[in-house]
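Please look through the sequence and the structure shown below, and keep both at hand while reading.

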Amino acid sequence: MTTAPDTAFTITRKTDGISAAERAHVLANPGFGRAFTDHMAVVTYTEGRGWHSPEILPRQPLLLDPAASVLHYAQEIFEGMKAYRAPDGRILLFRPEANARRFRKSAERMAMADLPEDLFLEAVTQLVSIDSDWVPAPDVGTLYIRPFMIATEAALGVKPAAEFKFIVIACAAGDYFSADSGLVSVWVEENSVRASRGGTGTAKCGGNYAASLNAQMEGKAHGCHQVLFLDALERRWLEEMGGMNVMMVFEDGTLLTPPLASGTILHGITRDSLLTLARDRGLTVREEPYAIDQLYADATAGRLKEVFACGTAAVVTPIGAFKSTRGECTIGDGKTAGPITSSLRQTLCDLQFGRTADPHDWVKVVG
Ligand SMILES: *Cc1c(COP(=O)(O)O)cnc(C)c1O
């Protein structure tokens, strides 16, 4: 990649980082979302001047004015992506330009500054390069990368901010769901909704997550790990999990997932990749509305064989049961991942970790 003058990052290295031995200890069992790397990327936007002052800095707290718009009106968007360690030690990104493109779309919806895709990719690449020692061994996990943008202008008037910061942080990550907990159980949320037509459901913004937390608490109170959201109008059609998309596998081998046309479902890159991989292997793929009543009926009749959630953080996560006010229904034997779920997950992971040929040109080498 050629580096334009405005994407030439100033690099300030952390000098008091933890020792290699301490890092190795952390990387042996990183968990999710707490083993942060040494550095962060920061780029500033000022109206009239555009994006400027790209920097790599030692990871540190932000200095924000208490009137910063993000703190009051939630002008915030983010992305989630991973860096993978290949068998030959190279570090790989998976479809990073798709994250850069989606970030621009999210920014547009939230009236935030347009971030050039090159600058997004350069910030991610620079951070992963400087913190490459933090990418775990492939049998342990990945480096989870969190690019985000916040409105920093100190102004309580309600208007799009004129100042933003684009920041990238990263953390070493093991499995999102612990392996010993069995299959995931899902609460079907009938009260609150995640997104409605014309809302912000297709933007990856923090506000969507804040609005989903009470449903998550409700699900937890019913003994479930995750929540399935239904459409806002009829509370009937499956949408998604609030941080992952959802897919069904039927006895004839058809793979079905709710369509993007409603404008209420996040355009998952994992979703898109799995649909492509399923078509590659000759499965029938349908992007069609699917009702929760139908799911209960199909599962009970044995027509619905497998259900899984998919997203960057949790990859492909098999679902063992749904619970709602109408009762519980088990998927498959409720204990083991189905064959199509398992093999799609394997195919995707083999690609992401650089273990197989990459016919779709999805994998990008860092450095
Ligand atoms: C990020 C996200 C997903 C998954 O998208 P991927 O690109 O596959 O990681 C699904 N739903 C929501 C609401 C999300 O924010």
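Around the ligand there are 15 residues, of which the closest are Lys-204, Tyr-209, Glu-240, Thr-270 and Thr-312; a residue is taken as near a molecule or strand if one of its heavy atoms lies within 4 Å of it. This is a predicted model, in which local features need pLDDT of at least 70 and side-chain atom pairs count only at pLDDT 80 or more, while totals for chains, interfaces and linings use all residues. Residues are numbered from 1 along each chain as its sequence is written, and side-chain values use heavy atoms, with hydrogens and water left out.

Sorted by class, the shell around the ligand holds four nonpolar, seven polar and four charged residues, where Ala, Val, Leu, Ile, Met, Phe, Trp, Tyr, Cys and Pro count as nonpolar, Asp, Glu, Lys and Arg as charged, and the others, Gly among them, as polar. Several polar side-chain atoms can be followed to the ligand itself. An N or O atom in the side chain of Tyr-209 is 2.5 Å from an oxygen atom of the ligand, and a polar side-chain atom of Arg-102 lies 2.8 Å from an oxygen atom of the ligand. Of the 380 Å² of accessible area that the ligand has on its own, the protein covers 97%; accessible areas come from the Shrake-Rupley method with a 1.4 Å probe, and for residues only the protein chains shown count as cover.

Charged pairs come next. Side chains of opposite charge can pair when their charged atoms come close. A search of the whole structure gives 19 salt bridges, each being a side-chain nitrogen of Lys or Arg within 4 Å of a carboxyl oxygen of Asp or Glu. One of them joins Arg-355 and Asp-350, at 2.9 Å from N to O. Arg-355 is partly exposed, its relative accessible area being 41%, whereas Asp-350 is buried at 17%; here buried means under 20% relative accessible area, exposed over 50%, and partly exposed in between, with a 1.4 Å probe and protein chains only.

In another salt bridge, between Asp-16 and Lys-14, the closest N and O atoms are 3.5 Å apart. Asp-16 counts as exposed because its relative accessibility is 58%, while Lys-14, at 29%, counts as partly exposed. The side chains of Glu-234 and Arg-236 also meet in a salt bridge, with 3.9 Å from N to O, and here Glu-234 is partly exposed at 49% relative accessibility, as is Arg-236 at 33%. Elsewhere, Glu-97, Asp-361 and Lys-364 are linked in a network of salt bridges.

The surface also carries a nonpolar patch formed by Tyr-73, Leu-156 and Val-158, which together have about 330 Å² of accessible area. Such patches are made of residues with over 30% relative accessible area and no salt bridge, like charges being joined within 9 Å and nonpolar side chains (Val, Leu, Ile, Met, Phe, Trp, Tyr) within 5 Å. Val-158 sits in the loop between strand E8 (142-151) and strand E9 (163-173), and Val-158 is exposed because its relative accessible area is 72%. Helices (H or I, at least four residues) and strands (E, at least two) are DSSP runs, numbered from the N terminus.

The backbone deserves a look as well. Most residues other than glycine have a negative phi, and most peptide bonds are trans. Ser-53, although not a glycine, has a positive phi of about 55°; Ser-53 belongs to strand E4 (residues 50-58) and is partly exposed at 35% relative accessibility. Ala-111 is not a glycine either, yet has a positive phi of about 55°, and its place is in the loop between helix H3 (96-109) and helix H4 (117-130). With a relative accessible area of 39%, Ala-111 is partly exposed.

Although Pro-87 and Gly-354 are 267 residues apart along the chain, their C-alpha atoms are separated by 7.2 Å.

Terms used: A polar contact is a pair of N or O atoms within 3.5 Å; within protein, one must be able to donate a hydrogen and the other to accept it, and residues adjacent in sequence count only if both atoms are side-chain atoms.
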